[in-house]
Amino acid sequence: MDWLTILSTTVHAAIGWETVVYGLAAIGVNIHFGYTGLLNFGQAAFMAVAGYGLAVTVVVFNLPFVVGVLVGLAAAALLALLMGIPTLQLRADYLAIVTIAAAEIIRLVFRSVYFKDIFGGSDGRRGFNGDFYAMNFLYDPGRYGIGPFGFDERTMWLLTVGWAVVLLCCLVVFLLMRSPWGRVLKAIREDEDAVRALGKNVFAYKMQSLMLGGIIGCFGGFFYGLYNGSVQPDVFGTEMTFFAYTIVILGGAARVFGPVVGAMIFWVLFVFVGNLLAELVANGYIPFMTNIQVGPVRYALVGLGFILLLVARPQGIFGDKREIAIDAR
Amino acid sequence: MRRAVIAFTAFLGGLIFLLAGPAHAGPADCQGLRGTLKLQGQPVNGAKIAVTTEGGQPVKEATTNAQGIWDVQVEQPGKYKVTLDVGSLPQNAEVRGGNNVRTPTVYEGNCSTVLFALQPKAAPGQAPQSDGGTTFWQQAAQLTFEGVNLGLIIALGALGLSLIYGTTGLTNFAHGELITLGAVIAYAFNVGFGIQLIPAAIIAVIVAGALGYGQDRLFWGQLRKRGTGTIAMMIISIGVAILLRNLLQFFFGPQTENFNDYVTQPGITVGPITAAPKNFWAIGIELTVLVIVGIALMKTRTGKAARAVADNPALAASSGINVDRVIRIIWTAGAAIAALAGVMLGLSQSLKFTMGQDILLLIFAGVTLGGLGTAFGALVGSLVVGVFIQVSTLWVPPELKSVGALAVLIIVLLFRPQGILGRRERIG
């Protein structure tokens, strides 16, 4: 049993790139679900169009990195319009159905052989993060850390920028939700008809919320691509969205730091359980399982944990039960 | 109650034991290239494939077997050139796009799948008035037939989804996994136990029905009793979907499988349509089941009670209908029908742990088109979606045909959100 590796990967996960990526995705979901009561089950789609927008702009069209980021953001805003216009005037389930369908469709389009010249088929796109790491002015090449814990200069740069963006997004959410605009969103979550009766344009507010959450999630897509140096279609599956929801509910919906804390706890647990299982299987403590089966077991455990969490404590760690938009309307 | 829990656990344990067998045949020691050749869902037997190194040095030749599968193991990882011998294909087949050479990369200890999409050969110049016109219309007729088959499978899934939605208000995102579950149970009895597919399918439908009953009795029913809202249940259903899908992957493995029986059948020709007899049988069975369920909903006491509960649960309860009993029956029937849909889907395509997830999109499109919560709307909508996306492959590459389903969804929601047979008050 390699306890040191298990320990160090687990500690890394608490502040690592996964936490940044999923923390951003979850902050977006928190705006949708936590504050506005919108059931966007296609957060992965926002991340996918962001990652691919960046990758395709840089790799296929040879445009600068900044243009790639702008294209990604524009694509996410467009996607929000596309999914919001037909559904935001209808009951909650319709948005859920359309977003989950749109996310799958976008994945299918990205992985299709027909568009292979643009999106690169199931291999995806790689080689677009050079400019990002070239901007590193803080860290000289080397290793930063204590003992077995630490990152190289590239990861340090990514994590510094990543956590800066996470904190910035938290600040934006904090300020917005104190503003009159944010109070209208919460009012929509509580009683849409009452807000409409007060003369507010509910559809427009919902659309703005969908866009804002999508754009924040979109940064998660960028960081995913930048860390891994590639984007592949199958990464952006339903599981990604579902993880973001688990994180939001774990941390506490409608809380500014809920998604961030949720992401840390989630990834620590996820990485720990995965590594522990893999080590146990490799050392023959679990004879009925092969190493390939560790993946599904870990995902199944997330599913189970999610169900138990929602049944037993839907407000998560920091949330307030009265603020969770899960009652029938 | 406790006895029910014990029985259920014992049953699940048995199932796990049963399914653990085939799962070990994972793709462990594999380094090379493989692929499956299919023409309109039917495997292509005897096609020759030559693998050479990037420089052109011959490595190995392979011929597809009765399942259309070929497999070449290589010593060295690296880039290879795969050439499909067009002359060895059936006379009516050609490679889509015309390019019969692929250059995949083999990674150490991994098998790469090489895709050759085949399509029926069309006569040059498809002007409707010319001789090519008959080919076009033949193709359209063929695709319509396949679309009806797909549409009926979607309808089976949609019926269960719609009935459960109608009676409990739950949009069940785990319904796709119920479909996969049915297929996998049938696979376990068929391949694991060597039972012929028809009895295996009947067993699977019964087992899945029992599981559906158990699911409502032990899980969803308890949640309803606690007063959990429908939105909460909808989110929980996504968790259930992830849980079930990954459990299925754990037992079944990530690979694609086929049933033992009826895999390859010589096609028979009826008018412009050529299809394996199993497809005609499948359509017959699907239609029969749909008609029986329809009649049961219209004529029997339980069916009428179910419609009453769907209309207004409180009113139904106050007029003496046992709402919980009705919901339990609906769950049992819904899961059993979903299992049948899974078997039919596995028969007409193949089995994979994501099969239910993939078709769930089409089911949602069908249900929305027909009107959420209306059983007969679900049938009509599903048929339209099935035929629409299958016929759309005349113009759209087949891997992108599901995109059409999303287009249907969005257009319906824009112009007639209540669907074909739905009512206005359900949507707002």
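Visitor: What's the handedness of the crossing of α2(A) and α8(A)?
Guide: That crossing is left-handed. Keep in mind that this is a predicted model.
Visitor: How close do the two axes come, and at what angle do they cross?
Guide: The axes of α2 (residues 17-36) and α8 (residues 153-178) of chain A come within 9 Å and cross at roughly 15°. Angles under 35 degrees count as roughly parallel, so α2(A) is roughly parallel to α8(A).
Visitor: Which residues make the contact?
Guide: On α2(A), they include Trp17(A), Gly23(A), Ile27(A) and Tyr35(A). Among those on α8(A) are Leu158(A), Gly162(A), Cys169(A) and Met177(A). By class, the contact has 15 nonpolar, two polar and no charged residues.
Visitor: Switching topic: how many residues does each chain put into the contact between A and B?
Guide: Chain B puts in 39 residues and chain A 43.
Visitor: Which helix of chain B gives the most there?
Guide: That's α5(B), with 15 residues. The side of chain B that touches chain A has 27 nonpolar, 11 polar and one charged residues.
Visitor: And α14(A), which of its residues are buried?
Guide: Val294(A), Pro296(A), Tyr299(A) and Phe306(A) are among the buried ones. What covers the buried residues of α14(A) includes α12 and α13 of chain A, along with α5 of chain B.
Visitor: What span should α14(A) have?
Guide: Its 19 residues, at 1.5 Å a residue, should span 27 Å. The end C-alpha atoms are 26 Å apart, so the two agree.

Methods:
Residues are numbered from 1 along each chain as its sequence is written. Chains are lettered from A and ligands numbered from 1 in the order in which they are written. This is a predicted model: local features need pLDDT of at least 70, side-chain atom pairs count only at pLDDT 80 or more; totals for chains, interfaces and linings use all residues. Axes are lines fitted to C-alpha atoms, for helices over the stretch in contact, and angles run from 0 to 180 degrees between N-to-C directions. Helices (H or I, at least four residues) and strands (E, at least two) are DSSP runs, numbered from the N terminus. Angles under 35 degrees count as roughly parallel, over 145 as roughly antiparallel, 65 to 115 as roughly perpendicular and the rest as oblique. A crossing is left-handed if the near helix is turned anticlockwise from the far one by less than a right angle, and right-handed if clockwise. Two residues are in contact if their C-beta atoms, placed from the backbone, lie within 7 Å. Ala, Val, Leu, Ile, Met, Phe, Trp, Tyr, Cys and Pro count as nonpolar, Asp, Glu, Lys and Arg as charged, and the others, Gly among them, as polar. The expected span of a helix is 1.5 Å times one less than its number of residues. A residue is buried if 20 or more other C-beta atoms lie within 10 Å of its own, exposed if 12 or fewer, and partly exposed in between; C-beta atoms are placed from the backbone.
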